[in-house]
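I opened the notebook to record, entry by entry, what I looked up. The notes follow the order in which I turned from one topic to the next.

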Amino acid sequence: MRIRANVLLSIGTILATLGGARLPAVEWTLVVVGAIVLIVGGVLHRVDARKARSEGGVADTGADDEMLRSLSATLDELCERAPSLSLEALVEHLSELETGAMGQLADSIPRRLAEMGGERFAQIFGEYAAGERLVHRAWSAAADGHRPEALRSLQEGADRIRAAVTSLDGGPARSVVA
Amino acid sequence: MNRHEAPARAEAAVPPPASVSEPPIPPYREVTTAAMILGIVVGVVLTASMTYAGLLIGFVVPASAIAAILGWGLLRGVLRRGSIVENNINQTVASAVNNTSAGVIFTFPALFLMDGVSFSPWAIGLATVAGAFLGTLFIIPLRKQMVDLERLRFPSGIAVAEILRSPGASSKKSMYLVGASVLAFVVGMLTNAGTIPSEVDLGPLFGFPAYMPNVWAISLLSVGAGFLTGRAGLTVLAGGLLANWVLAPTVVALDWVPVPEGVEDPDAVLAGTIFTEMIRPLGIGLLIGGAVAGVALAAPMIRAAFAALRAAGPSRDRDELPIAWMYVGTLGSIVLLFAAAYLGAPEVGFFRATLTAVIGTLWMWLAGVIVAQCTGMTDWSPVSGLALLAVTVVLVVSGGSVGLSVMIGAAVCVAIAQGADMMTDLKTGHLVGSRPVRQQATQLAVSWIGPIVSVLTVYLIWETMGFGPGTDIPATQAVALQQMIQAIQGGEVPVDKYAVGALVGALLTFATGGGLGVLVGLSMYLPVLYVLPYGVGCLLAMLAQRRRDGKVFIANVGIPVAAGFLVGDSLAGVIFSFVQLFQG
């Protein structure tokens, strides 16, 4: 169905823009036909997306949720170990997290947005994004040799990501700092 | 100096327990006088230079990457201090000052070239300052949506973050960044100087007629931007091919475009007509329709962002500027815009001046959203097309006042450039861990400087050297706007094409729930010579993704190389502009 939807979207776009391109006046019949094909393609696209979510969604959602929990746990653990780590080691650990777990979570975001809808997604991932930024700040501070800021930002980042997990599990959204 | 030695006192201050004699821990440097002053100086120098260069050669280059590189040299190298986030503030300030030059050179100089048009440079200055404030303020509630939630790519933002982080990154990664920058710099200098061609036309090789352009820009910047955008950018390639290789030959085959007679190369004339009168207006319409539909779809997220901003309270630890700043600033800027309209074009009267200020403000917001989305998705911003629409709308609202229309067009240009720049800087800030509120506040504090410097520079050049046809400074963008205004005055506004484009853009966006309408619109708006190498970049990213170690390879090799391409090419543009400046 996805292929059919994409073909219809392409044909609709070609027909409507072709009708619109005519000089000196637009060929409105072609524009209307193209618009109808676009609408049909759009409906098929949405139906297919909904079907895909209901079929494969549960497994994916479970894995995505687990990924977020696992990242939160890793950060909590790193917070405990960080004071005894050298700054070079801290930079290395944070780099691994940035390209590993946090990169994978970023990839899952379009899927999560489609599943959760804008408002709930914004509550959870707004908090997550703030935590992610603080982890990046911890990396910058550690690379700059500023241990107090690195530790503080890492702790704050871990707190915000934990708050995102709490919100994911049905707890209150933090959203105090905006 | 070892990178971990920088603020050595901070490192040493933590482990031992607190004691009375212990020196206070130095705060992590972020918003500092040094960063602000350096950013302003770099921004002002680049603004004046780019304004002149823009009039001379027709394009300007962004300041972020240059400021970030200079920042490392001066903040850390010369002053022996400076942090990653401090340098981010430096580049935020420099680009906030410099980014307005493009908006000013596209619009303001046209007024000098038109006979019988009266205008006040002071009113233009006032309007563009209002635009600079509005562009920064309007973007505040959209940061969460575009950077945090929708995760738009902002390729230039990623590139600048790579530069900022390079001293802390692995040496291999830095090597890739530097190597790619050098390569792109060399290629950029050679193409700018004309030593190697800036584009290659493969059309004759494949037997393509001129109205089916198969022209490739020699632009590593486009390849890098495509790579950083990744798979999503393929839509731009598909849209570009659809417009140029499907629509164009079909309208010719159907005889839907008048074939010129008595010209040497009718295909070349057809190519120009098809692009400027068919494809580009449709593309602008698609951009508008797609962006409006995108805002409607993102309404729940924008509502959530507003709610979070309102709930934040007066905490010192807040992430964003308070939403009240946006309300108050918007009101203040409308007043500024009204004052500029009323004082700059008194013939339009109180009512029309008020209407112009309100419509101009609303258009700045919509155009700001469109440009921020385009920049976020592809790194390209359709500033000139949106400014042209602003000029058209204000020409109608003001009863045909060209002076007022161009003034509002200039304000819109500055606003959207400022908004797109702020959003790109916020993406960079996210990646290096800057506090958004600090970036927003510093950008707001300096955003008024650029328009004043740029307007004064244009005035100075006009008074001392002159510009336009028949002079040494051709001012091509301004001449183009002048011709467009004359066409609008002659009633040649392709409203029907804008409408069809808007319909298709909105339907595409609603159909897929993403930014498809904007992407297809942008692909039709842009000349295909940049779209093709951009598509190659997207394909390379997809190939890299397919490697077994795809993600790691992209993070450690792909992104630094692509970022280097953006940085090196921009740097070549700046150096070339300076060479042109010194050659007079």
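**Charged pairs**

I began with A:E77, which forms a salt bridge with A:R81, the closest N and O atoms being 3.9 Å apart. I note that this is a predicted model. The two residues, A:E77 and A:R81, are four residues apart in helix α2 (residues 28-81) of chain A, and they are therefore separated by about one helical turn.

I then turned to A:R160, which forms a salt bridge with A:E127, and I recorded 2.6 Å between the closest N and O atoms. Since A:R160 lies in helix α6 (residues 147-168) and A:E127 in helix α5 (residues 118-143), both of chain A, this pair ties together parts that are 33 residues apart in sequence. Here I found A:R160 buried, at 5% relative accessibility, and A:E127 buried as well, with a relative accessible area of 3%.

With which residue of chain B does A:R160 meet in a salt bridge? I found that its side chain meets that of B:D319, at 3.5 Å from N to O. Because A:R160 lies in helix α6 of chain A and B:D319 in the loop between α14 (299-311) and α15 (323-344) of chain B, the pair joins two chains. Both A:R160 and B:D319 are buried. I also noted one network in which salt bridges that share partners join A:R137, A:E149, A:R152, B:E30 and B:R438. Over all chains, I recorded a count of 21 salt bridges.

**A helix pair in chain A**

I looked next at helix α3 (residues 87-99) and helix α4 (residues 101-116) of chain A, whose axes come within 3 Å and cross at roughly 20°. Angles under 35 degrees count as roughly parallel, and α3(A) and α4(A) are therefore roughly parallel to each other. The contact is made by A:E96, A:L97, A:E98 and A:T99 on the side of α3(A), and by A:A101, A:M102 and A:G103 on the side of α4(A).

**A nonpolar surface patch**

On the surface I noted a nonpolar patch formed by A:M1, A:I39, A:V43 and A:V47, which together have about 310 Å² of accessible area. Of these I looked up A:M1, which is found in the segment before α1 (2-21) of chain A and is partly exposed, with a relative accessible area of 36%.

For B:L366, I found a place in helix α16 (residues 349-378) of chain B, and at 15% relative accessibility B:L366 counts as buried. Leaving aside neighbours within four places in sequence, B:L366 is in contact with B:I288 and B:V292. I also recorded a separation of 8.1 Å between the C-alpha atoms of B:L366 and B:A291, which are 75 residues apart along the chain.

My last entry concerns B:V97, which lies in helix α4 (residues 84-98) of chain B. Is B:V97 buried or exposed? B:V97 is buried, with a relative accessible area of 0%. With neighbours within four places in sequence left aside, B:V97 is in contact with B:G43, B:V44, B:T47, B:V446, B:I449 and B:G450. The C-alpha atoms of B:V97 and B:T191, 94 residues apart along the chain, are separated by 28 Å.

Note on methods:
Residues numbered from 1 in each chain as written. Chains lettered and ligands numbered in written order. Predicted model: local features only at pLDDT ≥ 70, side-chain atom pairs only at ≥ 80, totals over all residues. Heavy atoms only, no water. Patch = residues over 30% accessible without salt bridge, like charges linked within 9 Å, V, L, I, M, F, W, Y side chains within 5 Å. Areas by Shrake-Rupley, 256 points an atom, 1.4 Å probe, with all protein chains shown as cover. Salt bridge = Lys/Arg side-chain N within 4 Å of Asp/Glu carboxyl O. Buried < 20%, exposed > 50% of the residue type's maximum accessible area, 1.4 Å probe, protein only. Axes fitted to C-alpha atoms, helices over the stretch in contact; angles between N-to-C directions. Parallel < 35°, antiparallel > 145°, perpendicular 65-115°, else oblique. Contact = heavy atoms within 4.5 Å.
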